[in-house]
Number of protein chains: 4
Amino acid sequence: MGRLTRPADPVLFQLLYEPQLASDRRNVLPYLLRIDAAHVVMLAGRGLLALETARALLAVNEELRRRLDADEAVLPAPATHRGLYFLYEQEYVERLGPQVGGAAHLARSRNDINATVARMRLRDQLLDLLADCCELLETMAATAGEHLETTMCGFTHEQPAQPTTLAHYLTGVLSELTRSVDWLDQAYAAVDCCPMGAAAGFGTSFPVDREEVARLLGFRRVVDNSADAVASRDYAVRVLSALAAIGVCLTRLATDLQAWAGPAHGFVGWPDDLVSTSSIMPQKRNPFVLENVRGLSTEAAAALVKLLLGLKNTPFGNSVEVSLEALSSLWPALEAGSKAVRLTRLLLDRLQAFPGRMAAFLEGTQATMTAVADMLVSRHALAFRTAHDAVGRLARETQGSASAAELRAALEPILERLTGRRTTLDEAELRHCLDARACVQAAAHGGGPSPSAVQDQLRSLARRHHRLRERLRVRRARATEAEKRLRDVAAEIRDVRFQGL
Amino acid sequence: MGRLTRPADPVLFQLLYEPQLASDRRNVLPYLLRIDAAHVVMLAGRGLLALETARALLAVNEELRRRLDADEAVLPAPATHRGLYFLYEQEYVERLGPQVGGAAHLARSRNDINATVARMRLRDQLLDLLADCCELLETMAATAGEHLETTMCGFTHEQPAQPTTLAHYLTGVLSELTRSVDWLDQAYAAVDCCPMGAAAGFGTSFPVDREEVARLLGFRRVVDNSADAVASRDYAVRVLSALAAIGVCLTRLATDLQAWAGPAHGFVGWPDDLVSTSSIMPQKRNPFVLENVRGLSTEAAAALVKLLLGLKNTPFGNSVEVSLEALSSLWPALEAGSKAVRLTRLLLDRLQAFPGRMAAFLEGTQATMTAVADMLVSRHALAFRTAHDAVGRLARETQGSASAAELRAALEPILERLTGRRTTLDEAELRHCLDARACVQAAAHGGGPSPSAVQDQLRSLARRHHRLRERLRVRRARATEAEKRLRDVAAEIRDVRFQGL
Amino acid sequence: MGRLTRPADPVLFQLLYEPQLASDRRNVLPYLLRIDAAHVVMLAGRGLLALETARALLAVNEELRRRLDADEAVLPAPATHRGLYFLYEQEYVERLGPQVGGAAHLARSRNDINATVARMRLRDQLLDLLADCCELLETMAATAGEHLETTMCGFTHEQPAQPTTLAHYLTGVLSELTRSVDWLDQAYAAVDCCPMGAAAGFGTSFPVDREEVARLLGFRRVVDNSADAVASRDYAVRVLSALAAIGVCLTRLATDLQAWAGPAHGFVGWPDDLVSTSSIMPQKRNPFVLENVRGLSTEAAAALVKLLLGLKNTPFGNSVEVSLEALSSLWPALEAGSKAVRLTRLLLDRLQAFPGRMAAFLEGTQATMTAVADMLVSRHALAFRTAHDAVGRLARETQGSASAAELRAALEPILERLTGRRTTLDEAELRHCLDARACVQAAAHGGGPSPSAVQDQLRSLARRHHRLRERLRVRRARATEAEKRLRDVAAEIRDVRFQGL
Amino acid sequence: MGRLTRPADPVLFQLLYEPQLASDRRNVLPYLLRIDAAHVVMLAGRGLLALETARALLAVNEELRRRLDADEAVLPAPATHRGLYFLYEQEYVERLGPQVGGAAHLARSRNDINATVARMRLRDQLLDLLADCCELLETMAATAGEHLETTMCGFTHEQPAQPTTLAHYLTGVLSELTRSVDWLDQAYAAVDCCPMGAAAGFGTSFPVDREEVARLLGFRRVVDNSADAVASRDYAVRVLSALAAIGVCLTRLATDLQAWAGPAHGFVGWPDDLVSTSSIMPQKRNPFVLENVRGLSTEAAAALVKLLLGLKNTPFGNSVEVSLEALSSLWPALEAGSKAVRLTRLLLDRLQAFPGRMAAFLEGTQATMTAVADMLVSRHALAFRTAHDAVGRLARETQGSASAAELRAALEPILERLTGRRTTLDEAELRHCLDARACVQAAAHGGGPSPSAVQDQLRSLARRHHRLRERLRVRRARATEAEKRLRDVAAEIRDVRFQGL
C-alpha cells in the first residue's frame, strides 16, 4: 500500500475494521481461500504464474484451509489493520517472501473477489433455505392430504362464507407458496454467475480464463461485463423479493391458524411442547410460535427496503455502499426467513385438527345459504339474483340453527312475495343443501373443496415439489463436485513438487 | 340484497363508494363487460343458461360496450349506491326484468370477478410497460454501440480508477437492466392465469367450464385452487419487485450521467429541449429530467412496501384489504415506472458525448497506473503486490500529468529501494501504459472495455432483446385474438336470435 | 428564458409538463397567488418596487384569484410550455408589458416559492387532518365512557387472558392514539416555517424583509438558512411518521374489532348501513369498512418509504427529485390517512356492543384463574409461583365451566400435593374469584380495568384532547387572519391608485 | 408451569429459546435484576411481601448483579428451558425454596417486565446516541465556523448556481440535523415511561405503588393504562423515525462531500488515515468512509419498515410478535445509526478544505450571472425578468471565463435589442458582480451566505446545542441517581436483617 503513509484512524479501526474482521473470518475467509486457489490454479494453467510459485501459494492456501476447518487460529490480527484481505495477502508475503507471496494478485481485485464471495456465500445459504422450503411444501401437502374430508367453515371478510375443508384451505396457501419457492429457486440461477476476472470492474489485460475459474468455483457461468460484475446486486433483490413473498404468505397462514386456535373457534391446536404458558395467568396455553413466524416472516421485506435504499443513487461501479452496506441486512434476513419456514413446517407437522369443533361451529353460521340459492336456480329455475335475494331475506328472518322444515316454512312465503307465484320446496332437498359435507362434495368445480378436486390439485403440486427437489439435488451436487475438483487440481499442482524433488 | 335493510351510510358513500365508482368506470368496467360476456357464453355452452337468456344478456353487454367505447354515459348512478358491480347488475335487471337480467350471476361472485379484473388490467399495462422497456434496452444498446471507442475515465468510489469506454459502462448497466426486464417478463406469466370459477373462493356446484372462460379472456391457464384464486396477490409482488429492480438501476445510471453532465466532468450533455433553465439564475442549463427519473424510479419500491404491508397478517381469503387496498399503489407505480423508462430512453437517445472533455479529464488522473503495475509484472517479473507498491509510491510522488520520462526517473529508484536490484524501464513501453486508449484496447479479458469484447457482449444482449420482443409480440397477439374471438362467439349467439325469428 | 433556444421536447411535455400543470392549477396556483401578493407587498414596503408597479401587479393578482375562486378559466396553456410558474409570469408580462409584468421576480426563485407552496399546502391539509383526529379521539373517549362496565374477556396471544372491559381496551388504544396525534400536532410546528427569501438557496443581495412575508402568509417563523430552506424536507418525514404511527395503531384496533365482530365472538357489530352483503352468499353481513381502514392506514408508511428513498443520496440543495418527486406520495397518503381516521370514527360512533355475548364467552374461558392464584397468595399466604403452579394444574384438570364447588374439590388435593399441608378453601371466596365482574372491579391498580380507574384515565385524556383542540383553533385562526390581512394590505395598495387619481 | 406437561420441542429450543437466551443474558438480565429489585422493594414497602422475604430475595439479587458485573457465570442453563425469565425465577426457588423464592412474582408478569426492559435498554442506548449526536452537531458547527469566508460554488440540480461558502452549506445541513436531533431528544421523553404494574396488561388487584417502582427505575412517569403499557411500541416508531431522518440527511451530506472530494472538483479531502487505497489500482485514495456513512444511515429507515410491518394487524395486547419480533431491528439500527453519526463527526473534524481549488472552479462557471441580473435591476431599473432574459442570452454567447470588458461588449447590444434603448454599463460594477467573494458578502438577506449572516445562524444553533446538552446531562443524572438510590434502598432492607440479629 505504497500510496498511503498512515494506518487507519483509531476510530475507523474500532467502528469498521475490527468488527468487520470478526465477521469476515467466519463468513468470508472460507470463500476467499477457494477463490484464491482457483485463481492461482488458473494463472498457472495459463502460464501467468510459474508452476513453482503456484505450488508454494497453494501449499499455504491448503494449510490455512485445514487450520480453519479445524477451528485453529489463522491470520493473527495486529494492533491495527485494514481488513481481512490485506491480512490475508500479508500472510503469504510473510511466509513466502514478497516475490512469491505477492505474486497471485494480478488480474484480480478486492472488487471482483468481494462480489464473488457474496455470491458463493449466498449460494450456500440458498441451498439450505431451498431445502427448508421443500420440507415445508411437502409437510404442508401431507397435512392437507390428511384433511381432504375435514369439513370446516370457510370465511371471507372474517365472516362465515361457505363450507370448505382444511385440505382446500391449506392447498390454496400451498399453491401460492409453491409458486414463490419456485421463484426463489429461479433467483438461485441469477446468483450462480461468477464475477472473477472483472478485477476492479474494468477487466484485465492479462489473458485470464474466467470460465475456468467459474468452473472451479462451481458457477454455471461468468458475468459477461466487468462493470456489471462488480456493480450490480440485482440477484439480491430477486432473492429478497421471493423471500418477502414467502414471508408475507406465511403471516397470512399464521394469522388464520392463530384465529382458529382460539377457544372461540377451537378448530386446531398443538401439543404442550409447542405452546407456552404465562408467568402470571395459570390457565394459559399460548400458540406463541405463530407470532414468531409472523414476525420473522417480515424481515425479508425490511431487508429488501434496506437493499433498495442502499442501492438508490449510487454510482454504477464498485463502492462500499453497494458491496458491503447494501447487503448488510441480507444475511440476517435469510436466517430469519429460514426460521420462519422451519417453524411453520413444525407447526403443520404437529397440527391437531378438531373436526368436532369445526362441525359444531358450522351449525350456527348459515354458511350453506349459497347452496340453498343455487338449488332454487337449478331446481326451480329462478334467476340467481332472485334466488339470492330470497335467501338473503330468509337469512335475516331465521337463525343459523333453523331446521329444514323451519326454513321451508319461512322461505316459501318469501318466494311468493318476490316472484308472485307459489313455489313448493322439497324438504329433503333443502336438508341436503344445509348439510355442509354435502356442499363440500358438490363443490367440485372452479377449484372448489370437493375432496377429489383437491386431491387433483395436490397431485399436480407434488409434481412441482418433486421437480424442485430434483433441481436442488443437481445444484448441491454441482457445488460439491466443484469443491472437490478444485482440491484435486490444487493437490495435483502441489504434488508435482514432491515428485519433482 | 335481501340481507340488508338500509343503504350505505352517507359517510361511507362519500369516502368509499363514490370516489371508487369514478375510478371503476374507467379501469374496471371495460374488463367487467368482457368477463361477463365470457361467463354468459360459457354458461350457455354448458346448458346452464337458456340460449334465449344468453342472447338477451349479450345484447345488453354489447350495447354497453359500444357506448363505453364511444365515450357515452353508461350506468347512471343513483343518489346512493353500493358500487359499480351492483349498478351493473341492476342495469340488466331494469332492462330485462329480474328473471332474465338476474340470471347470469350464478357460479360467480364479485370475488373471482375482482380478482380477474385486476389480472386483466395488469396484463394490459404490463404489455405496454414491457414494450417501453424493450425500447429502452434497444436504444441503450444502440447508444453503447456508437461509443465503443469513446474512451472515458472509469470510477470506483467516485475516484478515477482505470480507463474505460462509454460503451463499456452503458453495456454494464444494460446487462443488469436486461436481466431485470426479463424478470418482469417472467412476472407476466404469473399474472396471466384466470381466477374465474372460484366464485367466492370455494368454487361452485354448477359444472362450469373455467378453461373455456380463461380462453375467451385470453389467459394462458386457470388458477387451480379457488382459495388461491381469490386470496393471493403474489403476482403483484413479482411485478413490483422486478419494476423496483429496474427502477433502482435507473437511479444509478441517472446518478452517473448527472455527475458527468456537471461542468466539473463535462463528459455528456443534452440539447436545449431536454434541459431547463432557472427562474432566477440566467446561466442555468439543468439536466433536470434525470431527477424526475431518479424520483419516478423509486415509486415501485414504495408500492411494493405498500403491497407487503397490505397483505401482512390478512386472512388467506377474500377481503377488501387484499383485493382493493393492497393493490392501490400498484397502478400509479406502473405509470411512474413507465415514465421513468421512457424518459431514460429519451435521454439516452439524445445523449451528447464529449470525447474531448473525457480525454482531457483522463490526463490528470493517474488512471493508467494499474497498467504500469501490470507491465512491471509481465515485463520485469515483479510480483504484482511489489509492483503495486512501487507504483503506489510513484503515484504519491508524481503528478497526474507527469510524462513517461518523469515517471521513469521517479520509478526506477523506487524499484531499486523495494527490490534491492536495478530495473531499467523502457520509456516507450511506459508511454504505452500511460495511453488510456491503449489501456482500453488491452483490457480484452474478464469482460473489460476492449471494443471487440464489448461488441461481443452487445451481440449477446441483442439476442436476448430479440427474444423479449418476440415473446411480447406473441402475448399481444394472443390477447388481441382472444378479444376478437369473444366478440365473434358472442355475436354468433346474439345472431341466432335473428335467424331464429 | 434567454438561455435556452428551444421549447421542451414533446415527450417531456407529454410525460411531465402537461400532467403536472393539471395538478398544479388545483394544488399550487392558489398558494402561488398568495405568495406572489405577499412578495409584492413586501417589495413595495421596502422600496424595492415602485408603488405604481406593485399596484398593477396586485390588481392582476386579485383578478386571477377571483377568477380562480369562481372556477373560471385562468392561465390558458399554449400548445407547449414549461410549467405553471412560467405561464404565471407570462400572464403578467402579457397584460402589463415586460417592464411592469416582469418586475416582481427579483429576490425570489421557483425554488423558494415551491418550498413555500409545499408547506402552505401541507399546513392546510394538516389542519383538516388534525380536526379529523380530534373527532376520532373524542368519539373514542365517548364510546369508552359508555362501556366502563361492559365486561369482556381480555386476550393475550389471541387466547383468553383476564377479564377486562370494553372501556379499558378502548382507553388503551386511545392512549396511544392521543400520543400519536400530539406528535402529528408537533409536526405541524415544523411545517409552519417560511422559506421565502431563500431564492435559489443562496439568499439575495436585495434587502428583503422575509419576516414580513412570513407574517403575511401566516407562518410562525422563517427558515433561517437559505440552503436549508430549499433543500430540506424533514418536516414531511415528521408528518408521515406520525401518520404512519396513527395508521398502524388503527390497523390493530380494526384487527381486534373484526375478530370480535365474527360470530365466534359476537362481541360487537354494526347496523346494516355500515356492513355489506355478498353478491353470491345471501347470508352475508360483512363489516368490510374495517378492511378499508386497515388498508388505508398503511399508506402513510409506504409514502414515508417513498420520501426516504426519494431523499437518499440527493445533493443538499434544490432538485426536482427533492422538491417534487420525493413528496409525490405525501399528498395521497394524507388523503388516505384522513379517510382511515374518519371511517374509524364512524365505526366507533355507531358501534353496537353485545354484553350478553361477552359474558357468555367469558364463562368457558378460565380467564379468572389469575384471581384464584392471587387469592391463594393473599388469603393463604402461598408464594405466587406456588399458587400459579397449583392453579395451572387445576386449569388442566377442570373445564372452563366448572363450578366453585368443583374447583374447590379439585384444588384442595393439588395444594396438598404441592405444599405438603392441607388447605381449606372458602367456596364463597372462590366463587367471588370466578366472577368476572368482581375481577374487573378489583383490578384497580397498575392501570387495570376497574371502572373508576379507567374513568380517571379518560379524564386525563380529555384534558389532552381539549388542549389539542385549543391549539388547533389558534392555528386555524392565525391562518385565516393572515389570509385576510394579506388581502387587506394588498387592497390598500391597490386602492391608493384610485385615491391618487 | 403446572399447565404444561412437556418441555419445549427441540426445534423450538434450537431456533428460539437457545439463541434468545444468549442475547438476553447480555441485553435483558441487567435490567431484569433492577426491575426485580425495585418490585421487591415496593412490595415490601406496601406490606405485600414480608420484610424477611424481601431481604432474602434482595440478597440473591445483589449477588447475581455482582457476579454479572464481574463477568462471572450466572443462571446456568439446563439442557432445555423456556427462556431467561423462567431460569431467573428458578434460581431463586432453588436457592431459597419455593415459599420465599417464588414469592416476588405477584402483581407482575413477563409482559410488563419485557415492556419495561425494552424501554430501559432503549433509554440507555438513546443517551449514548444523543451524546454522539451532540458531538456531531458541535463539530459541524466548529467546522462551519472555520469556513465562513471559504468561498465555494453553490449548486442546484448538480449544476453551478451561485457563489456560497462552505460554512453556509454546512450550516444548512446543520440546521436540519439540529431539528432532527431535537426530535430524537423528544422521542426520549416518549420512551421514559414505566409499564410496571400493568402485569399481563390488565393491572392487578394487589395495591401496588407503581409510581414508586417508576422512581426506583429512574422513569419520569408511569404508563397510565395497562393495555397500553404492554401493547404499544409507538415510542420505537418515534425513535426510528427521528433516526431515519438524521440518517437520510447524512446521506445527502456524504453525497455532496464525496462529489466534492473527486478530482473533478477537488474542494475537500482527508488525510491518509481516513482514506483507503486499492488492492489493484496503485494510485487510489478512496474516501470510502463516506460510503459506510451512506449505507449505515439507511438502516434506521429499514428498521422502521420492519417495525411498522411487525405491528400491522396485530391485536392490541401482548404478543411475541409485538414485544420481541417487531423490535428486533431496532437494536442493530441504533448501533448502525450511532456509527454513521460518529463517522460523520470524524470526517468533519478532519476535513481538509482546498479554497484554491474552489476558487479556480468558480472561475469558469458563470455562477455570478445572477448578480449581473440583480445589478441591472438595481442600477438600471430593468424588470428582473428582462434582466434575467438578457443575462441568459449573454451566458449563451460568452464563456465562463469572459472578462468584465468582454461581457460588457456582449451585453450592451443584447440589452438594446431587448429593451429598445441603449444602456451603458459600468465595467467596474460588472467586475464587482463577477467577483464571487463580493457576491457572497452581498448575499446578506434571506438566509444567504454572507459571513455575518451565517455567523448569526451558527450562534442561534449553538444555543440549541447547548440546551440539548443540558437536557442530556439532566437525564443522565436522573438515571444514575435512580440506580444508586435503588441500590441504597435495597441495601437498607438487606441490612435490617443484620441489625435485627
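This is a predicted model: local features need pLDDT of at least 70, side-chain atom pairs count only at pLDDT 80 or more; totals for chains, interfaces and linings use all residues.
Residues are numbered from 1 along each chain as its sequence is written, and chains are lettered from A in the order in which they are written.

Toward chain B, 49 residues of chain D are in contact with 49 residues of chain B, contact meaning heavy atoms within 4.5 Å. Together the two chains bury about 3700 Å², with 54% of it on carbon and sulfur atoms; buried area is the accessible area (1.4 Å probe) that two parts lose on being put together, summed over both. Of the area that chain D buries here, His157(D), Pro282(D) and Gln283(D) supply 17%, more than any other three residues. Four salt bridges are counted between chain D and chain B, a salt bridge being a side-chain nitrogen of Lys or Arg within 4 Å of a carboxyl oxygen of Asp or Glu. One of them joins Arg294(B) to Glu158(D) at 3.3 Å, N to O.

Toward chain C, 106 residues of chain D are in contact with 105 residues of chain C, and the area buried is about 8400 Å², of which carbon and sulfur atoms give 55%. Phe202(D), Arg252(D) and Phe316(D) supply 10% of what chain D buries against chain C, more than any other three residues. Six salt bridges are found across this interface, including the one in which the side chains of Arg385(D) and Glu89(C) meet at 2.4 Å, N to O.

Notes
Side-chain values use heavy atoms; hydrogens and water are left out.
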